[in-house]
Amino acid sequence: MIHFEGVTKQFGNRVAVDNVSFSIDAPQMVGIIGRSGAGKSTLLRMINRLTPATAGRILFNGRDVLSLKGGEKRRWQRDCAMVFQQFNLVPRLDVVTNVMLGRLNTHGTLKSMFNIFGKGDIDRALSALDRLGIVQEAVKRAEELSGGQQQRVAIARALVQEPQLVLADEPIASLDPMNAQIVMDALREIHERDGKTVICNLHTLDTARAYCDRVIGMRDGVIVFDGAPEALTTDV
Ligand code: ADP
Ligand code: ADP
């Protein structure tokens, strides 16, 4: 379903991702591990076009996502939901509205600033919050929630996008162990129950071992390991 062919990203002279090729052929939960600066974040951000690739192709179900333009590019960005280390919520907005933002570009052109969301959007947002166990926080401002709760809001926002792919960039790096477990369980459930591919940048191998079917190890922009977590014995 997703296929990297010689994907490279250069920032000036610095090669962040160096001619990387790999495929994910069936829904999987994939963990990408490696030290800070290894290129994990850049790799994920090229998939949903937050960072433009310098060279190579990324195919999703046979389509080159790097050449999508306009509405097709926006549709692709909706299709790959992103979860960030720092949650990326709008702090002053209430929780349910933050979740509905995940539906924004499903509406195509906005007809009116005053009629952006419909009842269906509210229902979807509330049921996603319910699934994440935080529907009771729906009318609080996002900034009033703990980090763990905010990340669950971000996952609810990802869910209402009805994505094909979930990309999580260090989703638990800012969380305490208990919240980290809740967030990883939620991502794992999106894979198992909804059958989605989840690609997750992680900085600890233990987390990858506990949650992922497959681990891709990166160092200096290249893949140095790709396989079952049990097969990875040394640090990357
Ligand atoms: P992490 O290692 O957790 O990905 P970084 O501190 O490397 O975090 O990067 C944080 C942000 O700064 C990212 O958006 C990244 O793209 C950007 N960034 C990282 N390195 C550089 C750099 N050398 N010049 C400009 N921006 C950078
Ligand atoms: P990781 O996520 O594994 O920490 P990154 O993908 O953030 O790694 O970074 C890979 C390399 O690319 C690092 O050397 C980083 O400094 C560099 N880099 C990342 N983003 C930028 C940017 N926006 N501008 C310049 N260099 C960057």
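**Close-up views of a predicted model**

**View 1. Composition of the shell around ligand 2.** The shell around ligand 2 is made up of 3 nonpolar, 5 polar and 3 charged residues. The structure shown is a predicted model. Phe-11, Arg-14 and Ala-16 belong to the residues around ligand 2, together with the run Arg-35, Ser-36, Gly-37, Ala-38, Gly-39, Lys-40, Ser-41 and Thr-42. With 3 residues, α1 supplies the largest share of this shell.

**View 2. Polar atoms beside ligand 2.** A polar backbone atom of Gly-37 is placed 2.7 Å from an oxygen atom of ligand 2. For Ser-41, a polar backbone atom is likewise involved, at 2.8 Å from an oxygen atom of the ligand. Thr-42 instead presents a polar side-chain atom, which lies 2.5 Å from an oxygen atom of ligand 2. Ligand 2 taken alone exposes 560 Å², and the protein buries 60% of that area. Two elements, β2 (14-24) and α1 (40-47), each give two or more residues to the shell around the ligand.

**View 3. The largest nonpolar core.** This core, the largest of the nonpolar cores, contains 45 residues. Leu-129, Val-153, Ile-155, Met-184, Leu-187 and Leu-202 are the residues with the most contacts inside it. Helix α5, spanning residues 147-160, gives the most to this core, namely 7 residues. Another core lies apart from it and has 28 residues, including Val-20, Ile-47, Leu-167 and Met-218.

**View 4. The surroundings of Ile-155.** Ile-155 is one of the residues with the most contacts inside the largest nonpolar core. When neighbours within four places in sequence are set aside, Ile-155 is in contact with Val-83, Leu-132, Val-183, Ala-186, Leu-187 and Ile-190. Of these partners, Leu-187 is itself listed among the residues with the most contacts inside the core.

**View 5. Ala-154 in helix α5.** Ala-154 is a residue of helix α5. Ala-154 counts as buried because its relative accessibility is 0%, and buried means under 20%. Not counting residues up to four places away in sequence, Ala-154 touches Phe-87 and Leu-89. The C-alpha atom of Ala-154 is separated by 25 Å from that of Met-1, a residue 153 residues apart from it along the chain.

Notes. Residues are numbered from 1 along each chain as its sequence is written. Chains are lettered from A and ligands numbered from 1 in the order in which they are written. This is a predicted model: local features need pLDDT of at least 70, side-chain atom pairs count only at pLDDT 80 or more; totals for chains, interfaces and linings use all residues. Side-chain values use heavy atoms; hydrogens and water are left out. A residue is near a molecule or strand if one of its heavy atoms lies within 4 Å of it. A polar contact is a pair of N or O atoms within 3.5 Å; within protein, one must be able to donate a hydrogen and the other to accept it, and residues adjacent in sequence count only if both atoms are side-chain atoms. Accessible areas come from the Shrake-Rupley method with a 1.4 Å probe; for residues, only the protein chains shown count as cover. Helices (H or I, at least four residues) and strands (E, at least two) are DSSP runs, numbered from the N terminus. Ala, Val, Leu, Ile, Met, Phe, Trp, Tyr, Cys and Pro count as nonpolar, Asp, Glu, Lys and Arg as charged, and the others, Gly among them, as polar. A nonpolar core is a set of buried Ala, Val, Leu, Ile, Met, Phe, Trp, Tyr and Cys residues joined through side-chain atoms within 4.5 Å. Buried means under 20% relative accessible area, exposed over 50%, partly exposed in between (1.4 Å probe, protein chains only). Contact means heavy atoms within 4.5 Å.
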